[in-house]
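Subject: Structure handover

Hello,

Here is the structure I promised to pass on. Please open it next to this email and follow along.

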Amino acid sequence: MTVYDYGIIGGGPAGYSAAIYAAKLGKSVVLFEKDKIGGTCLNRGCIPTKTFLHRADLYMEFKAGVKKDIYRAAELGFSFEKISDEKETVCNNLRKALELVLKTMKINIVPYEASIAGSNKISANGEIYECSKIIAATGAKPREIKGLEFEGELILSSDDMLNLKQLPKKIVILGSGAIGIEWARILSAFDVDVTIAEAAPNLLPLADIEVSKRIARIFKKAGITFHTDCSVISADRVNKTVTLSNGETVETDILFVAAGRSKCNIQTTDDVTVIGDCAGEIQLAHYATCQAKNVILGIPYNKELIPSVVYGEPEIAWVGKREQDGEFKKVLLPITALGKAQCDNCTEGFIKILVEDNKIAGAHIISKEASALIQQIVIAMQNDIPVEKLKEVCFAHPTYSEGIFEGLMRL
Ligand SMILES: Cc1cc2nc3c(=O)[nH]c(=O)nc-3n(C[C@H](O)[C@H](O)[C@H](O)COP(=O)(O)OP(=O)(O)OC[C@H]3O[C@@H](n4cnc5c(N)ncnc54)[C@H](O)[C@@H]3O)c2cc1C
């Protein structure tokens with residue numbers, strides 16, 4: 001019987017990254033995936049949502065341009081069906097490319113549900129696989145709320161949202177974390193009437209308080225209705241209404257419950273390493289990859305320096321300490337100060353940097369390209385680069401990156 005160096009359960013970012021890193025070291029690997037390689041990220045998460053979001057942003061910009069008579073269109077509209085087809089194509093292409101990488105690296109992919117069958121043993125499709133080391137990376141699934149269980153008609157999960165055949169006219173979104181906010185932006189850009197119910201006192205409750213407040217302002221301007229300190233207490237499938245905890249009843253075609261994700265537990269033994277979303281720590285694809293890198297290659301990561309990004313126009317990104325976490329020296333540069341932002345007509349947002357002992361303690365950015373900007377901050381923070389040293393760096397012009405430099409120069 002073959003004894004594999006690694007048996008990995010789950011083919012999402014945690015599992016496939018661990019498999020690739022191990023194979024690169026010359027280890028033999030068997031990878032079990034009961035559904036599609038790529039996991040939530042590639043098939044039901046990061047990638048499909050951003051494919052929708054990009055097209056929604058383009059449509060929104062085009063609509064604004066037509067209003068200003070910059071662009072001309074005989075008929076302004078979009079095909080949600082074609083956009084969904086494109087989403088499928090993007091996911092399929094990426095999945096095929098990933099499968100090819102895994103096969104080229106001689107990783108044995110077993111397309112069945114697996115379970116731990118004792119020390120160093122995995123069972124799948126009636127067979128036992130001996131593995132010197134076992135990694136469980138079984139991911140997470142949309143969290144259900146008692147009384148608002150998913151039924152695929154009125155009450156939908158993030159998985160259901162990706163299979164919509166047509167857009168609703170009205171939607172209520174329960175939860176304003178990254179998933180709820182991104183869908184609110186997609187749907188609002190496509191002219192859907194969006195209402196958000198958020199149980200916390202602010203939208204994007206994990207963000208810096210100033211970011212949450214600015215997002216509220218941006219959403220008001222975009223015509224997105226939101227209620228904070230508020231949850232959905234019941235849903236009426238017959239009359240298509242939901243009742244909010246503030247007493248309001250809202251008519252809706254869909255109630256999208258975006259209230260976090262529960263880890264997919266798997267029965268493990270002491271010698272099994274658990275990584276990714278099913279470890280129940282930070283549920284992000286890049287964190288899953290960091291954990292895989294750490295487990296296989298021993299490369300450490302700093303949990304405090306995992307960036308968060310919420311996509312859409314403008315992007316929202318942050319890392320490190322928030323304003324509400326302590327006393328910091330602070331600078332806030334409005335994006336409107338940047339030449340590139342004026343050229344792009346994307347002047348909404350700010351770059352906010354918090355400093356402690358002459359080092360960046362945190363940064364919070366609302367801007368086009370915030371996802372790229374935050375990475376520069378992460379590199380500076382991870383390498384303990386003092387603010388004075390960062391001021392010596394030459395930033396290209398005109399760019400959004402200059403905003404970081406401009407901000408630092410104001411400190
Ligand atoms: C709508 C949405 C948008 C998101 N957007 C982002 C984003 O923009 N950026 C970001 O960083 N993160 C995003 N995420 C989160 C990201 O998708 C997850 O953090 C990431 O996929 C976690 O990787 P994982 O490998 O731990 O789990 P998963 O990707 O969930 O993979 C686990 C895999 O294990 C398989 N599996 C489970 N049990 C078994 C078993 N017993 N046998 C065999 N196979 C099994 C599953 O089928 C699945 O394929 C998003 C999530 C959602 C839902």
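Below is what I found, region by region. Please keep in mind that this is a predicted model.

**Domains**

Domain 1 covers 3-141 + 262-297, domain 2 covers 144-259, and domain 3 covers 307-409. Taken over C-alpha atoms, the centres of domain 1 and domain 2 are 26 Å apart. The two domains touch: 11 residues of domain 1 are in contact with 10 residues of domain 2. On the domain 1 side, helix H3 supplies the largest share, eight residues. By type, that side of domain 1 has eight nonpolar residues, one polar and two charged.

Start with strand S1, residues 3-9. S1 is mostly covered, with five of its seven residues buried. Strand S1 runs parallel to strand S2, and four bridges join them. Gly7 has Val30 of S2 as its bridge partner. Ile9 stands opposite Phe32 in S2.

S1 also pairs with strand S6, residues 127-136. Six bridges hold that parallel pair. Here Ile9 stands opposite Ala136. So much for S1.

Next is strand S2, residues 29-32. In it, Leu31 stands opposite Ile109.

How is the β-α-β unit made up, and what is its hand? S1, helix H1 (residues 13-24) and S2 form it, and it is right-handed.

**The ligand shell**

How many residues surround the ligand? There are 36, and the closest are Gly10, Gly12, Gly39, Gly139 and Gly276. Four helices each supply at least two residues of the shell: H1, H2 (39-44), H3 (46-67) and H8 (285-297). H2 gives the most, with four residues. H1 also belongs to the β-α-β unit described above. H3 also supplies eight residues to the side of domain 1 that touches domain 2.

What types of residue make up the shell? It divides into 16 nonpolar, 14 polar and six charged.

**The five-stranded sheet**

There is an open sheet of five strands with parallel pairing. Its order is S8-S15-S9-S10-S11. The edge strands are S8 (155-156) and S11 (225-227), and each pairs on one side only. S8 runs parallel to strand S15, residues 254-257, and two bridges join them. Within that pair, Ile155 stands opposite Leu255.

**Backbone points to check**

Two peptide bonds are cis. They are listed here with their places.

- Glu313 to Pro314 is cis, with omega near -10°. Pro314 sits in the loop between strand S18 (308-310) and strand S19 (315-320).
- His397 to Pro398 is cis, with omega about -10°. Pro398 lies in the loop between helix H11 (387-390) and helix H12 (402-409).

Two residues other than glycine have positive phi.

- Leu204 has phi near 45°. Leu204 is in the loop between strand S10 (193-197) and helix H7 (209-221).
- Glu369 has phi near 65°. Glu369 is in the loop between strand S22 (359-367) and helix H10 (370-382).

Is Leu204 buried or exposed? Leu204 counts as buried because it has 24 C-beta neighbours inside 10 Å, and the cut-off for buried is 20 or more. Glu369 has 19 such neighbours inside 10 Å, so Glu369 counts as partly exposed.

**Where to look when you open the file**

- Ile9, which stands opposite Phe32 in S2 and opposite Ala136 in S6.
- H2, which gives four residues to the shell around the ligand.
- H3, for its eight residues on the side of domain 1 that touches domain 2.

Best wishes

Conventions
Residues numbered from 1 in each chain as written. Predicted model: local features only at pLDDT ≥ 70, side-chain atom pairs only at ≥ 80, totals over all residues. Buried ≥ 20, exposed ≤ 12 C-beta atoms within 10 Å, placed from the backbone. Pairing = 2+ DSSP bridges. Right-handed = clockwise from strand over helix to strand, strands pointing away. Near = placed C-beta within 6 Å. Nonpolar A, V, L, I, M, F, W, Y, C, P; charged D, E, K, R; others polar. Domains from an automatic or database assignment. Contact = placed C-beta atoms within 7 Å.
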